[in-house]
Every structure is written in C-alpha cells, then in structure tokens.
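Student: I have a model open and want to learn how to read its packing. Could you take me through it feature by feature?

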Amino acid sequence: MKRKISITIFLAALLAIIFATPAFARVGQIGFFGGITEGVRLPLTTEQMIADANTGGQSDANFRNMFYTEIIWLDGMPTEFEGLMNMTVNNARGRGANPNFGTRTVRYEILPSDIITADGVSLERDITFTVTWRREGNQVIETYTVARTGARIRWAETITTPDGTFELIPELSHFEVSIIRDITPGVTYYSGNISMRAVYAAADGETVIHYLTGKIYGYVSAWSATETHRLDGLVIMPTGEIHYSNVPSVAVSKELQYSLNEPTLISFFGNYREITTNQSGLNFVINTMPAEFYGRPTTGRATISSFNRFEQLIAPNLNHLRGHFAYQDIRRLFAMEVITGNPNHFVPNQAVSRAEFMTMLARAVKLPLDPAHLTPPPPPRGNRPVQIFQIFPDLWPDRPDYAYLRAINDAGIAQGRGDGHFHPDQIIYREEAYVLTLRVLGLSNLGLDPMPMLPYVDSYRISAWALNDINAATRIGLIAPDEDGMLHPQEYLTKAQAAALINRLIEYMRHELIRDYTENIINFMN
Amino acid sequence: MKIFRRFLAFVLAALMVLPLATPVFADDFILVDANRTFTGRAEAEALMESANFDDLGANWPAEAVVRGIALGALSGDAAVDFRNFRPNDNMTRQEVVNTIMRAMGLSGQASARGAELVQQTGMWPTAQAMVDLGYSVLAMDMGIIPADFMLWGNASRQEVASILYNAVMAVASGHFNAAPALVQVYNLADWRDIDPLYLIAVENIMAANIMRGDGLYFSPRNNVTRGEMAQVLSNLDTIFLDIHGLERRTGTVAEITGGELVQTGQTQSWQNFHVRLGDGSVDILQFSENIYPSPQAEVLDAVVFNFGQIGGLELLEINHTIEYFVHLETNTVWYVNILHYAVEDSVEGQLFALDAAEMTVTLRFNGQNLIFSLVDGLVTTLGGNNYVLMDQIRENIATLPFGQNVRLYLRNNVVIQISFVGMPVLVDEFRGLVLENNPDFGYMVLMNAAGQRFSMRYYSQEMMVQRLSHWDHGWFNSYIGQIFPTFGFRPTNTIGDIVPGDIVFIRPEAGEAAVISAISAISNYIMRYGRIVTIVHHEDHMSILLEREDGQTAWHEIMGNTFIRAEGRPIAAGAVRVGDWVRLLVNEAVIAPGHMISSVREMAVEGDARHISNIVRGNLVGINAMQNFLQIEHAQVLSQAGWTNFNDIRQLSIANNNIAYYYNNRRITRDEALRQFRLSPATVYIALENHFAGERVTMVSFRTQREERLPADTVIASDGGGGFQLASIAGPINTDSGTIVRRHGRLVSGLDIFPGDHASVVLNGAGMAAVIDITNRPDTSALQIMRARVTRVWDGESFRVASMSQLFGHNWVFSPVEREFAIDSRTMYLGPDGSVNSVLDANFITYTEETVFDQVFTIVTDGSRATHIFEAAFANRAARGTIYAIEDGQVRLRDVTIQNPVTNRWDIISIANNTMAVNLSSNTLIGRDNAVVPFAAMQQLQIGDEVLVMTNNIPAARTPGMEINGLIVLVD
C-alpha cells in the first residue's frame, strides 16, 4: 500500500526526535535528599559530536563519584556532610519497549570519602527507586517509589554525627517523588514534588523522624541546565523539634570566552573557547528550633566548587567583517558553528531567508536532526518516477538544509506561511523571526491572555497569528521596543540582525533562564 | 470504499441542507501524500495528430473517437479522407471485423496470419487487401466469424453484436455468459427481428450496456455508422481495459509542479500534474521532454480531450476533474478526459468515527452515518498513535471530540480540512480585559480579544462576582458551589475586588447585552525582579523605582494594603530599603501602545541573599580565565577595625556575568582592567556579593591615589549629588560611580547617603571616597536592662517584681515601684549552669522548692514584656576597652579603663600593656546594636568594638592581661 511508505518515514523522524532528548538523565542529578552534587556537566562540542555519532544522542545516565554535600539535621543542629554520590540508572528501554510508558530504576549511593569527609560525621545511604513513567504527547510523567526486591526494601541508611548514630528503619519509612517534564523544542522544563518520611533508630531505643517535603524545578537546554529543590524539613527528636527550609540547587552552563593570540605571525587573530561551569549550593533557613540552640545561626549555606572544563572553538577568517557593527555577534555564531560555510557569503547587510534563519536557529539550540533527513533522496530527473514524501510542496528533501528545516517543522516551531507552503527561500519578516525565536524556548504560554495590545507603537502592524508569541517574547524580556517604541514587525531581517537576535536567544538561555530557576527561587523564601 | 460510493448521492443531497459560502480550499497535502507517477508516452504526439478530425469538434462521438484512438481501439489512420472522420458513414462487414479485431489487440497476430497466407498462395494483393485478409482469416480461425461469413456489404447491428461477443469470448471469456437467461432481449419490441443465431450475443452485449438500442427497439438489422462503432468500442469500457491492462481513474488536478535540468547539449524538462483521487490517494501524471545534442527530441505525453479540444497534458489546469487511463504495467498514462471543474463544499455534522487505516471519517447526521474519504495528509502516525490535523493542529485520534460537531471541507467529496464546531452554545459568555472599574457608578470598561473597547453596566447588589486570587488554588472556588450554593464555603467577592488588568469572563443579563449578570476574574500577573533604586513615601502609599536585571527601570506604586514579606515572613512597608532586591507580583496589561496599567499585588524582599558580604582591597595580580578567578595580592578585608585579614594572594570568584569594573568614575571592561592594572601599584577595591553557590565579585574599582581611612562618623549633610559632609572632618567628601557604597549590607550609589548615616569612609585621593560602609551606629542605649526582685510568677503569662534598678550608662538607678512584666514562649531564660531555655520550659515558678520568690534577676524588657531573664549575679563594677581579639568564650580588650568606685575615676591597668580578658558565658548579657546577642552568637562581636563591661568582681591588684567575668557586655 503506497500510503505506508510515508507514514513509516514520518514515524521514524519523530521518534528519533523525542528519544534523542537526554533530559531524564539530568533529573535528580543532585539526589532528592536535600543535598547537592557538583552537577552533571554540559558536554563540550566535540564530546557531543562523538556521543551523537556513537549513540544517536543518547547520553550516559550513570554518574559516579560526584562530590556530594548534605546537611544532617537528625540531632537538631545543621551538620555538614561531605562525601560522594553515585547515580545509576537502569533503563528498561530496548526491545519491545513501549514508547508511551515504562519503568526504570534509579539507584543512589551516598558514601563518605576518605579525602573530604570530616571525622565524626558520616552518612551512608543506598536507595533504589523504581521509576514508572508515561508519555502523553510532549509531556512525560515520572513517579519514583522506593524499590523492593521481594520483601526487602532497597533503602538503607546510616548517619553518624558527633552526637550519635542513626539507623534508618526502612519498614517505617517512605519516599516518593513525582515529576512532570514538558519537552519543548529548545528546552525541556520539569517540575515535581518530593515527600519523605524517614524514621531512624537512635541510641537508647529512641526514634527520630525526618519529614522532607517540597518542590522540584529544573530545565535542560543546550546552553544551560538547572535543578533546584525548595524543601521544608521537620525533624522530630526525643528532645524537641526543628523546622527548616532548604534550597539545594545546581546550575550548569556553557560560556564563551575570546582569547587573542600573542604572536603576530599566526594564521588567525584569536578564537573563542567554550567553558562549562557548574554552580552548586544549598541555602537553608531554620524556622524553628529548640530553645537550647538559642543564638545559633539560623541560616547557612554549603557549596561545592567546580573545576571548569573548556575547549577551543574554531576560528574562521572574518577579516572582511572586522569593524562591522555586528562583528562580535557574527564572530560568536561562527565560532559556535551556528553559522557555517564561507564567511564571505555572510554579508551582514543582506537579507536573511527563512531557511537560513531556521537553520541558524536549529543549530543555536542544537535541535536533534533525523539522520534520515541528512541524506536526501536523489533529485527527480527526467521521466524517472519520483516517490518522495514531502511535508510542504515547496520543501524538497534534496535541499542541503532539509534536515534543519524538518527539525524546525517537526518541533512545531515553523508551520509554513499559512498558505500551505513553507517558502524556505523567501526573506524572513521580523515578526516571523521573533515568533520562531520565542517558540524555540517553548514559552508561548506566557503570551496567552486576551491582550491584543502590545507596548509597541506599531503593534497594529503585527499579524494576528504572531500576537501571542510576540506578547510572550516581550513579557519575558527577550525583545523590547526600540528607541522610537517600534518593533517593525513587517520589515525584513538582515543577516546582522539575525545574528544579533540568535545571540540574544543563546544569552537568554545562558543567563535569564538560569537565574529564574536559581536566584529567583533561592533568594526569596516562600 | 464501495459503501462510500453508494452513499454519495445521499450525501450530496444532505449537503444541500447546510449551505455555506463555498470558499476555495487549498489541498495542502497534495504534494505531501504518497503518490504513484504515470509518465506520458512517446507515441502520444502522433496519436493527438491522428485524432484531430475537422468534422468532429466537441459533438458526439468525438470523445469516443479520441478515446478509441488514444487507447488503440481505433486505428490511427481511421480517417476516410484527409482530417475527416465521417461519423455518419456506414461500416462494411470487413471494416467491422478489422476494427473489432484490432480493439481486441489482435492486429499483430492478424498481420502475421495475412503474411503467411500471402506466402502460401503466392498472391500479391494490395496492402489494404492483405490487412483485410489477415483479420478475416484470423477471425475465422478463432471462431469469431463463421467460415461462410460474408465480408462485403454493410454490417448490421446484430452482426456487430455477434462479432464483438465472439471476439471478447475468444480473448477474455470471463466477461460474458455463454448461456444467459434471455432477459434483455425479450424486453425488446423487435426481438423477433433478431436472428436466433445472434440472440445470446445480443443479450450479453445489451446486458453490458455496450449496445442498447433506444430501449424499446434494438433494430438488429439496421446498419452501423462509424460514429456508432466508435461509441460501441468506448462502451466496452472495463472489458477493453482488462484486455489491455489499462485502468480508468478519476480525480482532481490539485497542483502542477515542474522542473528543468540543463546540461551541455541536453535539456530535460518535466511537468507533474498532481491528481487527488476519489479515495484520497494521489497520482502524478508526468509530461517530459528530452532534447539531446542531435536534433531528435523525445516527448512523453498523453492524449487529452477537453470538450472537443485535443492536446497533451498541458491542457490540464488545477481544479480540473478528470477521467484518465493508465497502463499499470508500464506506469504510463494514455488518455485523459477532462470532465469538469472540481466541486467544493463543506458539511457539518456530529463526529462519529475516524478510521486511520481506511482513511475515512464518519459523521452522524439525522441518525444516518455518512462516510467520507480523507486526503492522506490529514492523518499521521507518531509513536504508535494516530493523529489527525484538526484546525491545523495535530490531535490524537483516540481523543478527538467524538459526538461533537465538526465541519468537513470537501473537494469532489474528499475531505481536505476538518474544523471543530462543538456543541450548541447554552450560556452567553465572553472574555475580556478590565480597563476601568467604577463600582460607584456601576460600570466597567473592557477590551475584548479583538482590541475593541466597550463598557458594561452592572447592579452591584444583583450580580454574582467571583475573583480567583493568585494564592488561591483550593477547590472551594469550584463551580459546584455556584450551581448548588448550599455546598460549603466559597470566598465572597464584591465587584470592587475587580481591578484594571484583570482578565474576566462575563455573562450578560438575559435580554440586556450591556448589563453584567455575573463576572469571574483572575489577575493577569507576572513576576518582576529587580533592585530598588529609589523609594518615595507618600501619605498612603510608596513609589519605588525598580531596576530590572536587564537594566530597564520602572516606577511601581505600593499601596498601603499591599502584602510585603521578607525571608518568608510578613514585614512592614517601612522595613523596605533602597538597594533591596525585590520580587513584585504585578498585575499588568497594555491598553494602548506605550500605555500600560499595572498594580503591584504582592512584594517579596530578599534577605541577605545578595548583600555585599565583604569589601576587599589589594592589587590585581591576574586572572584565571578558565576557572573564573580574579587573583588579588596583599588582600585585606574591610572591618570596623580597618583593613584586616591580610592574605598574600586571594582568589575571588568571577563566575557571574554581571560584574562592573571601574577606573575612577569610568566604567571599563574586564579586558581593559587587566591590560591597565595587572601588577600595577593601583589599588583595587572589590565588593563581594553573597551568592547561593558562594561569594562572588560584583564590583571592581581601581584607584591610583593615596589612601586614607577616616574613623567611623556621622553624616551631617549630603548634597544630593553624591557629595556629603562628616561631623568631624572638614570639607566635603565626594563619590563617583566607582565608589563602593555599602548601606546596611546593600550595594547602593553615592546618591543614597543621607544625613544621620553612620559611615566608615576610605578615601583615595583628596576628598574622593573609594569605599563607604554605612552601618547602624553602635548603640545599646535603647536596651532596657533591669535588676528586679520577683514576688510572684503567673506561669507562662507574667511575673511581678517588688522593686528594680535600671541600668543607665554604667549606673544602676533604683526605683521602689512594683511592676509586672509579661512573658511568653519567646522570653529566654538563661541560667548560670549554661542552660538556655524558653521561660515556659524553665523552672521560673513561685512554688515548690524551686521557687524564685524573692530572687533577683537581670532582665531585659521591651516595654512591659520581658525578652530575657538572666539568672546572674549583680554586676556593679564597670570597665571599658576595645576588642582586639575574640576567642571561644572570651574577648580580649586593649585600651582598658576601670572605674574606681571610690573616686569614680577611670583608671588604666598599665601604660605598656593595657589589656584585659573578659570571660563570657551563656548567662552573660551581651548587647550590640540595641539587641541582645546570644552567647552562642558572640562572633557578632567585632574586633574594634568599644565595649562597656559590667562585672561583680575586679581584682584589687590590677595586672596586665588579667581575666574578669563579664556579666553584662555592651558595645557602644
């Protein structure tokens, strides 16, 4: 049946995109216990390429010997524990796996380290969660419960402080985590809840109960990723109770730095390098504590310093652009290989086509490409019968940028110009560029309200289909009115402007997004 | 699919019931859907030429003739004379035999048979005679005509029927019934005229609708014209097609695409005609032309008949509905007949089913199921789920709104778009944005989604108001409470709660469209983060100028009733300070370009999350770019006692991206700073900020003048431009944008220095401040400290004292007045044994053996409430000094003076080594900044603090370094 061919190709394309997202590997990268790790680094460009080539974009979800810090509360005083964490994900994916639901296990092992753990303080935790998950469209729901092997509960924990030793009683203890992930083109956002009741046997047959409850927020993108927990803890000790708020957080990002060469007789002036940096910290506030601790500090902080990794980026010859208004923007995009090819063909004051802009955008957020789209079918020639599956009449698979345009289309970023055509080679309008840029972030929901009015003097020129997304882009500060209060939605975009806009997007992902998930949460106690 | 066809007529009838202005719909998927390509044929050009007769035009039997020629049923040289077909000429028997034999595809065999006979007999007939001979002998061989068949003279209709019947039976026997019941024949008025020999043939031919006569008369013995013969062959239809491996299809031309390949000496061009078939699938009919270096050109085309016009595929236009004949084995198209333009329509009905495998959608309409075919592109399969495009959005078929109404857009009855309609609207509701609400006059101005403004009236007492606050997510706001108002608690709202910027749903009064009957609102809020640059206090509200992190600034009004909190606890508006980082929950809406309405609904203030934790001085050594460190040599930290904590090298984190570098008044880049000041004698002042992942550099300021540190002093005047005057220093002190000003922990500008501030100033150059640190004046004069004799305790509520002494300076002033102080859970009881407890938890009672009746305590009060009760001895001796070291449980003082109780003079211990140690314990009353410092937090004491120590025991022999027990230690 002729119909089948097209469906198979299309199916393969979308599955590849959905499963290439390595987001779940990072969920829980700091554990769910109120502690922090140094976090999972973003891959450097070469690492990413090799990983893509070897595993089709699947990243390894197992992390070993990560530095780990947690505050121990069981004797009523915050005691800092420093040690190591292993995280092992045992994924049930593979043959016969259903793409819509399944299970996996995640094991956390937290151990003291001879090198960093202080004397008299020790924490050993070995907990395995069974994660059940299901997928509905772009959203994934995941629930963690403590795994059992037969009657054995796979949660063991021993904590030692100068005041004594605490042994977990697994039969009386519970731990649940539930997470929702929303996969948007450029960013996978997630949030969830943690609830724990851990009962420990202390000395003299006494028990200590530790309640931990709170929210999880995080996201993963090509340029930054974070996870922040807003937790409230309550410890019920034989001698009194303590209530505290704790916000462990990790933020990883990738920055660019330019370095100029010292020798004159060198074939390139200088180049950019990318640096991956991790920031981990937990900040706590004690809300209530026994009077005997009167005067002790009620706030505290623990951090893990990270050692940054870095890699050189390519140095294309942009001699002809030196001194141009957008020299820096263009140079950065060439270094990140968002723009490729002969730099002489990137003429900043010329127009940028829809296809060019979309290709830059897809590269900027590292949209996963379908390998099937990278090798185009032979072009139709003469009277040879052609059998091609096409998404748009004017989007031919033999285009060299086809994989990028399909990635943009499959991710729902661009859907053609409403006349059923994609118009890849027409000049892009500014409003189109703004809308595509916003959709990459997946934040269209922030524009959803009955507000046809925007703060631009020329708002009335904005097309109806673009209002919502331009509204959202304005509200989140991605774009803003120019000096005259204008947006110029119906003007064409130059290559220089496109470069500036895409750099703005990348910077937004590096800084603004990360800040909303870290400082904006950590610094304001709810 | 067959069911579908059967329903077609009915569907078409049903459609008429729901007329709709017919738009032209684009078939968006025509190029997307899978397809099969049929190319043209090289012989098409010649066939077009031979089918083009002057005497046919568009009239009968022109189409049958062209079709016959195009499909090879009629000979290409069928012309009787030049370019005339002569459709009304009678046909001879020989011609009939020839035509039918050719139509059966037997030409090749016939000419072979003719040649064979010629060879056997040695005759030399004319070419035509040889053809005739071949056909007739082969026909006799195959039993199509009897051996005695007369080949001259005109053929009769029954003879034609017979020859045709026999020929089909000889070639493909399955099409006719050799022993039929003679139904058709006996219905004829003239059946008796039919030769019994031909009865079976005529019955079959009539049953297959190949020859019908006029329904009543077959006229078996009449002659057959050439036109009639062409029609008869055309009527053979599927029999003919089967024999020749052809298939007839119908569809609509939906798109035409083309291309050209140009090479040296060779050009290929092609044009594709994309045809949407009735079952939703797609065929491509392809014209192509190859021009080679030699003059020969190859054109692959098909014969097209367009109401009399004969040509190639170029006659096809978008929206033509066509009937065309394709050869399945060779993937070629032979003949296209243009029927008419496509019919577009739409139909609305209840969505009943959507079958992704069959590509059909079923609507239920008046109890009847109507099934429509879908174009392929509407349905896709992703991850095992089937999706259909509805209103241009991909929807899972499993969760479509079955049972609700949809509108299908059809072209030639194939669905090309689906659009959601839903169910009948029962309640008149609409959505809008509130621009203005005026409860006093009972009207509201709104804007709808189209940007139109309109106003609506209301009667406050007669309307229903619901407003979902941003903090309320509980189910008690549920709608069931509106349907059954007796169910549970619902927060009550009045129309006055609706504020500009709210998004509302409005239900108008029945019959009065401009009157609101019910309204439901939600705030249209967004979080705004920033630093307060300016605060202006008004009578009932305050205005703050907020600088957002992207540098944009905006004024916000904070009304008196706005909820404000810091570190999770409610605070008063007066506690908000310039430099605070805040999070505003702002209800905001743009009502016209450049005109935004906004109101702050809630404000949260950061704790010390972004306070300036330290100010460091030193010289720049370098940078570790990869690890993001600034390296400073000779680093010292600013404290009350000046620059302390000397380090040869300190590494400071610059991992954040918002660091400001200054050289004097000028902001510079980091790279410029490194180039100019690395390893230079220039002094660098660095403000470090708290950050969740550790201390970070936030401001770096280079200066090259001589430094001078002024003692902490009071600002007595400021000029509003960054200049100010200190009480004890002559001349103004100036600030510039490179001056680090820390005001109560927050980084501010020189404009935020006010008279009355207690400032430590570091000058760099004459009268130019490099660093200003504004803190609370060290003061404990507001602490109320008493010695009191307890006479009665009411457990957990209060206690009464018979008399008391209050500490003023270092003197106790006795007052013999009975007083009562309240106690509560936050009143701390500090015992001599190190016990620290809430007074409720301590044995502060006036019964049992533990009674405190008639005991004397040191108490700290806040008005009539006791905040601290110290079980400690009476401290009647005083000493003063400056802290130079802080150790565990002990502070060491220098510049000590001890009050002589006799002379009331202050004596030193020694000139050479005027020091003393003060032991502190958990029941030492430590006071600083008008607050009690718990012993456990004695680190809050600072080197450089000047303290008053009260004790009960000073050794008579004063020796340098001697230890005394501090009962009361006050920083002043």
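Student: At roughly what angle do the axes of helix 4 and helix 7 of chain B cross?

Tutor: First, the ground rules. This is a predicted model, in which local features need pLDDT of at least 70 and side-chain atom pairs count only at pLDDT 80 or more, while totals for chains, interfaces and linings use all residues. Residues are numbered from 1 along each chain as its sequence is written, and chains are lettered from A and ligands numbered from 1 in the order in which they are written.

Tutor: Now the general idea. Two packed helices are described by the angle between their axes and the distance between the axes. Here, helix 4 (residues 93-103) and helix 7 (residues 157-171) of chain B cross at roughly 30°, and their axes come within 10 Å. Axes are lines fitted to C-alpha atoms, for helices over the stretch in contact, and angles run from 0 to 180 degrees between N-to-C directions. Helices (H or I, at least four residues) and strands (E, at least two) are DSSP runs, numbered from the N terminus.

Student: Why are helix 4 and helix 7 of chain B called roughly parallel?

Tutor: Angles under 35 degrees count as roughly parallel, over 145 as roughly antiparallel, 65 to 115 as roughly perpendicular and the rest as oblique. Helix 4 and helix 7 of chain B are therefore roughly parallel to each other. Helix 4 of chain B passes helix 7 of chain B in a right-handed crossing. A crossing is right-handed if the near helix is turned clockwise from the far one by less than a right angle, and left-handed if anticlockwise.

Student: Which residues make the contact?

Tutor: Helix 4 of chain B gives Arg93(B), Val96(B), Val97(B), Ile100(B) and Met101(B). Helix 7 of chain B gives Glu159(B), Val160(B), Ile163(B), Leu164(B) and Ala167(B). Two residues are in contact if their C-beta atoms, placed from the backbone, lie within 7 Å. By class, the residues of this contact of helix 4 with helix 7 of chain B are eight nonpolar, no polar and two charged. Ala, Val, Leu, Ile, Met, Phe, Trp, Tyr, Cys and Pro count as nonpolar, Asp, Glu, Lys and Arg as charged, and the others, Gly among them, as polar.

Student: How do helix 3 and helix 9 of chain A pack?

Tutor: Helix 3 (residues 327-335) and helix 9 (residues 495-517) of chain A pack at about 65°, with axes 9 Å apart. Helix 3 of chain A passes helix 9 of chain A in a left-handed crossing. Among the residues in this contact are Ile330(A) and Leu333(A) of helix 3 and Ala499(A) and Ile502(A) of helix 9 of chain A.

Student: On to strands. In which sense do strand 18 and strand 19 of chain B pair?

Tutor: Strands of a sheet pair through backbone hydrogen bonds, either parallel or antiparallel. Strand 18 and strand 19 (residues 443-447) of chain B pair in the antiparallel sense over five bridges. Two strands pair if DSSP finds at least two bridges between them. Val434(B) stands opposite Leu446(B) in strand 19 of chain B. The two strands form a hairpin with four residues between them, and Gly442(B) in the turn has a positive phi of about 70°. Strand 18 (residues 430-438) of chain B also pairs with strand 22 (residues 503-509) of chain B, antiparallel over four bridges. There, Phe430(B) stands opposite Ile506(B).

Student: Which strands of chain B close into a barrel?

Tutor: Five strands do, in the order 10-11-12-17-16, with mixed pairing.
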